[in-house]
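Please read this report alongside the sequence and the coordinates.

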Amino acid sequence: MQRRTKQIQPTDLKMKAIGTVVREFRERAGHSQERLSGECGFDRTYISRVERGIINPTVGRLWRIADALETPLSHLAKRMEVWIADQVRVPPRRGDTKRT
């Protein structure tokens with residue numbers, strides 16, 4: 001019997017990447033969601049929804065988040081790309097060996 005796995009849609013994967021990276025950078029900066037949202041001028045629930053991958057923030061809002069975290073937006077974007085690449089990398093199947 002073959003086990004079915006839910007395939008993540010590309011948009012869902014990107015929103016999950018945004019949320020994961022925002023949370024990672026926020027925690028590294030020592031900010032709470034409340035503090036970050038206050039510095040950005042957002043409601044705390046907005047940051048929570050971004051981090052959970054529920055909403056897709058605009059580029060303008062990502063700029064505000066990056067500024068509040070005192071990091072270039074390009075650093076957030078690069079980390080998102082790496083996170084996505086790690087998620088789509090397919091592990092080798094059992095029994096597959098590389099022959100030289």
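The model is predicted, and its largest nonpolar core comprises 21 residues, within which L36, I65 and L76 make the most contacts. At least two residues of this core are supplied by each of α1 (10-29), α2 (33-40), α3 (44-51), α4 (59-68) and α5 (73-88), with the largest share, six residues, coming from α1. In soluble globular proteins, nonpolar side chains tend to be buried together.

Which residues does L76 contact, once its neighbours within four places in sequence are left aside? They are V21, F25, L62, A66 and T71.

Q33 belongs to helix α2 and, because its relative accessibility is 16%, under the 20% limit, it counts as buried. When residues up to four places away in sequence are not counted, Q33 touches R26, R44, I47, S48 and E51. In α3 itself, the buried residues are Y46, I47, S48, V50 and E51, and just after this helix G53 adopts a positive phi of about 75 degrees.

Seven salt bridges are found in a search of the whole structure. One of them joins R23 to E51, with the closest N and O atoms 3.4 Å apart; since R23 lies in helix α1 and E51 in helix α3, the pair ties together parts that are 28 residues apart in sequence.

Are the two partners buried or exposed? R23 counts as partly exposed because its relative accessibility is 28%, whereas E51, at 2% relative accessibility, counts as buried. Both residues also take part in a network of salt bridges that links R23, R26, E27 and E51.

## Salt bridges within helices

R28 forms a salt bridge with E24, in which the closest N and O atoms are 3.0 Å apart, and both residues lie in helix α1, four residues apart, or about one turn of the helix. R28 is exposed, with a relative accessible area of 58%, while E24, with a relative accessible area of 22%, is partly exposed.

In helix α2, E39 and R35 are likewise four residues apart, about one turn of the helix, and they form a salt bridge whose closest N and O atoms are 3.0 Å apart. E39 counts as partly exposed at 41% relative accessibility, and R35 counts as partly exposed at 43%.

Methods. Residues are numbered from 1 along each chain as its sequence is written. This is a predicted model: local features need pLDDT of at least 70, side-chain atom pairs count only at pLDDT 80 or more; totals for chains, interfaces and linings use all residues. Side-chain values use heavy atoms; hydrogens and water are left out. A nonpolar core is a set of buried Ala, Val, Leu, Ile, Met, Phe, Trp, Tyr and Cys residues joined through side-chain atoms within 4.5 Å. Buried means under 20% relative accessible area, exposed over 50%, partly exposed in between (1.4 Å probe, protein chains only). Contact means heavy atoms within 4.5 Å. A salt bridge is a side-chain nitrogen of Lys or Arg within 4 Å of a carboxyl oxygen of Asp or Glu.
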